[in-house]
Amino acid sequence: MRPFSGSEHRGHGHRGEHGECEHRGGRGEGHGGGGRRQRFFGHGELRLVILSILKESASHGYELIKAIESLTQGHYSPSPGVIYPTLDLLQDQGLITVQEEDGGRKKIEITADGSQMLEASQEPLAQIQTRLKARMVGHELRKNPQMKRALDNFKAVLDLKVNQGDISDAQLKQIIGIIDRAALDITQLD
């Protein structure tokens, strides 16, 4: 019997790595509509993130959830129904060990094989970290009310012009040029 089977993630289903990724606006928002959003982690990436956290220090399931939430600045908080099956998988693969402590908590540690796998996965891990940083920049920009207003205005105008009217190739080329010039102007700011 695996250490996380049973009541610790009952009711959440055994979604494993496939369910780990769906990003729905942070702490559960967005379930009511708007369709699916981009996945926060791709297939297998949550395993690497967990191993990376465990490389720093042993942890417990709840602490891992909080560490991932902190890493993503609150944008993604994996549910117990995602974390515990992923931990089961990592343990089955011999990449982590789980030991019960006093009080029933389970201490999770990376194994030598887990450290070796993590070392061999530095390039994908770096790509994950780069992608997380890029997402956080956009999030920080949207916290500023004037920036949010400007971005929303830009998206609305672009949507009206491009998606809701007949637009010629010449007009589309002009719009692309305006966007490219604006991007260049921004990169040249001191």
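Are Phe-41 and Tyr-76 buried or exposed? Both Phe-41 and Tyr-76 are buried, where buried means under 20% relative accessible area, exposed over 50%, and partly exposed in between, with a 1.4 Å probe and protein chains only. The tour returns to these two residues below.

**Before starting**

This is a predicted model, in which local features need pLDDT of at least 70 and side-chain atom pairs count only at pLDDT 80 or more, while totals for chains, interfaces and linings use all residues. Residues are numbered from 1 along each chain as its sequence is written, and side-chain values use heavy atoms, with hydrogens and water left out.

**The whole chain**

Display the chain as a cartoon. It has eight helices and two strands; helices (H or I, at least four residues) and strands (E, at least two) are DSSP runs, numbered from the N terminus. Along the sequence the pattern reads α-α-α-α-β-β-α-α-α-α. Of the 190 residues, 32% count as buried. Among contacts between residues at least 6 apart in sequence, 60% join residues at least 24 apart; contact means heavy atoms within 4.5 Å.

**First stop: Phe-41 and Tyr-76**

Select Phe-41 and Tyr-76 and show their side chains. The structure holds one aromatic pair. Phe-41 and Tyr-76 form this pair in an edge-to-face arrangement, with 5.6 Å centre to centre and 80 degrees between the planes. Rings of Phe, Tyr and Trp (its six-membered ring) pair if their centres lie within 6.5 Å; planes under 30 degrees apart count as stacked, over 60 as edge-to-face and the rest as tilted. The pair links distant parts of the chain, 35 residues apart: Phe-41 lies in the loop between helix H1 (16–19) and helix H2 (45–56), and Tyr-76 in the loop between helix H3 (61–71) and helix H4 (80–92).

**Second stop: H2 and H3**

Next, select H2 and H3. Their axes come within 11 Å and cross at roughly 105 degrees; axes are lines fitted to C-alpha atoms, for helices over the stretch in contact, and angles run from 0 to 180 degrees between N-to-C directions. H2 is therefore roughly perpendicular to H3, given that angles under 35 degrees count as roughly parallel, over 145 as roughly antiparallel, 65 to 115 as roughly perpendicular and the rest as oblique. Leu-46, Val-49, Ile-50, Ile-53 and Leu-54 of H2 meet Leu-64, Ala-67, Ile-68 and Leu-71 of H3 in the contact.

Now centre on Ile-53, in helix H2. Apart from neighbours within four places in sequence, Ile-53 is in contact with Leu-64, Ala-67 and Ile-68. The C-alpha atoms of Ile-53 and Ala-67 are separated by 7.6 Å, although these residues are 14 apart along the chain.

Select Asp-113, in helix H5 (residues 112–120). Asp-113 counts as partly exposed because its relative accessibility is 46%. Leaving aside neighbours within four places in sequence, Asp-113 is in contact with Gly-94 and Leu-95.

Ser-115 is also placed in helix H5. Its relative accessible area is 17%, so Ser-115 is buried. Not counting residues up to four places away in sequence, Ser-115 touches Lys-55 and Ile-110.

**Last stop: H7 and H8**

Finally, select helix H7 (residues 145–163) and helix H8 (residues 169–187), whose axes come within 11 Å and cross at roughly 165 degrees. H7 and H8 are therefore roughly antiparallel to each other. Show the side chains of Phe-154, Leu-158, Lys-161 and Val-162 of H7 and of Gln-171, Ile-175 and Ile-179 of H8, which make the contact.
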